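Please have a look at the model first.

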Amino acid sequence: MSDIIVSMNKTLFKITLIFSIAVVVSSFAFQLSKKWKTGTISAGAPLNYPFVQNWFGNTGTQLLQPQQLPPVDRTQIFANNSFSSFECSDCVTVLMTGDVLPARSVNQKTTSLNNFEWPFEKTAEVLKSADITMINLETPLVDSCPIRTDGMVFCGDQKNVQGLLFAGIDVVNFANNHAGNAGKQGVIDTNQLLNQNGFLVTGIQQPVFKIVKGVKFAFLGYNDVEKYGFVADVDDQRMQTEIAAAKQNADVVIVQFHWGEEYRYQPTGRQKELAHRVIDLGADLVVGNHPHWIEPVEWYKEKLITYSHGNFVFDQMWSTETRQGIVGKYTFQGRNLVDVAFFPIWIENYGQPRWMEGKEKQKILDLLKKESEK
């Protein structure tokens with residue numbers, strides 16, 4: 001009888017042992033598959049799971065923390081990339097567009113259609129896919145904005161904020177030469193409208209901050225064209241104070257300027273001076289708008305400057321150059337800029353951009369490269 005009991009105990013022990021091993025192996029396989037799918041596995045190094053190390057020693061394949069990527073490959077920033085050509089599980093993507101004008105003919109279009117998402121219908125999917133998307137809003141959004149399709153004094157219906165929400169915009173720069181077109185009250189009303197709808201607004205009270213994947217970004221905006229005094233106009237003391245505050249409280253500092261001269265491919269000396277100045281003060285990335293044409297990129301002290309993204313949502317249908325623009329995709333891993341790509345757009349029907357493809361896309365990328373090499 002005792003022999004039977006001993007035999008049963010041995011059998012039970014074996015079953016328990018096999019079951020325990022199966023549970024451990026299944027758990028390990030599940031975790032391994034998760035790491036593989038998220039891109040945090042690196043083949044060829046020892047496993048760092050303690051129970052595996054104890055049983056088998058430091059051999060096999062190890063699950064690693066994401067490795068630090070190298071700096072931007074400058075030879076590839078003008079390449080004909082796809083939106084998903086560079087992916088990194090712990091990276092943060094920041095998209096920057098050209099000027100956005102939900103005023104004049106664009107405002108007429110959105111109000112007549114009663115469709116305030118219309119300007120972004122062909123681009124919103126990509127804009128929303130970024131971790132952070134920033135625009136320059138070239139007009140106040142106010143009540144009782146008259147419908148008009150000409151003139152240089154801008155306003156847009158407040159319902160145009162629906163388009164910004166639809167497009168997944170996160171940060172709105174309002175430091176530009178048209179912010180004051182509806183007076184100081186227009187600036188106040190637009191700022192309040194944007195804040196109420198969850199947007200971060202630069203160019204008024206700043207810096208503003210956004211944390212993504214543990215990385216804290218600071219955004220600032222400055223206007224250097226037709227200064228009204230209602231927004232953050234370029235002032236060296238102000239820039240020193242605000243950029244210092246941003247640098248102290250953030251990992252990455254991004255400055256957007258409204259600057260330069262319209263309808264030219266090359267930046268002015270003034271633009272270069274301002275860009276270099278804010279990098280000296282602590283900016284990690286400098287971007288710009290206002291010229292309505294694409295302008296080149298420059299590296300200064302290992303920091304990137306994109307002088308102008310051209311137009312994005314705009315009604316300047318009278319020239320090829322004003323119907324073109326680029327969206328910059330700036331990818332950070334922690335504090336480091338690890339990838340840059342540009343995606344050309346073409347504006348149709350007085351205010352609706354679409355992505356360029358094929359030869360037309362390559363033509364704009366070649367133009368950007370050519371102007372950047374001058």
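**A covered strand and its neighbours**

What you see here is a predicted model, and I begin with strand β4, residues 132-137, which pairs with strand β7, residues 171-173, in the parallel sense over three bridges. Within that pairing, M134 has V171 of β7 as its bridge partner. Strand β3, residues 92-100, also runs parallel to β4, and the two are joined by five bridges, with L95 partnered by T133 of β4.

Is β4 mostly covered, or mostly open? It is mostly covered, since six of its six residues are buried. I132, M134 and N136 point one way from the strand, while T133, I135 and L137 point the other way, and all of these are buried.

Let me turn to the packing. The largest nonpolar core contains 39 residues, and those with the most contacts inside it are F120, I169, F174, L194 and F312. At least two residues of this core come from each of β3, α4 (124-129), β4, α5 (161-166), α6 (183-196), β15 (311-313) and β17 (336-348), and β17 gives the most, with four residues.

As background, nonpolar side chains in soluble globular proteins tend to be buried together.

Terms used: Residues are numbered from 1 along each chain as its sequence is written. This is a predicted model: local features need pLDDT of at least 70, side-chain atom pairs count only at pLDDT 80 or more; totals for chains, interfaces and linings use all residues. Side-chain values use heavy atoms; hydrogens and water are left out. Buried means under 20% relative accessible area, exposed over 50%, partly exposed in between (1.4 Å probe, protein chains only). Two strands pair if DSSP finds at least two bridges between them. A nonpolar core is a set of buried Ala, Val, Leu, Ile, Met, Phe, Trp, Tyr and Cys residues joined through side-chain atoms within 4.5 Å.
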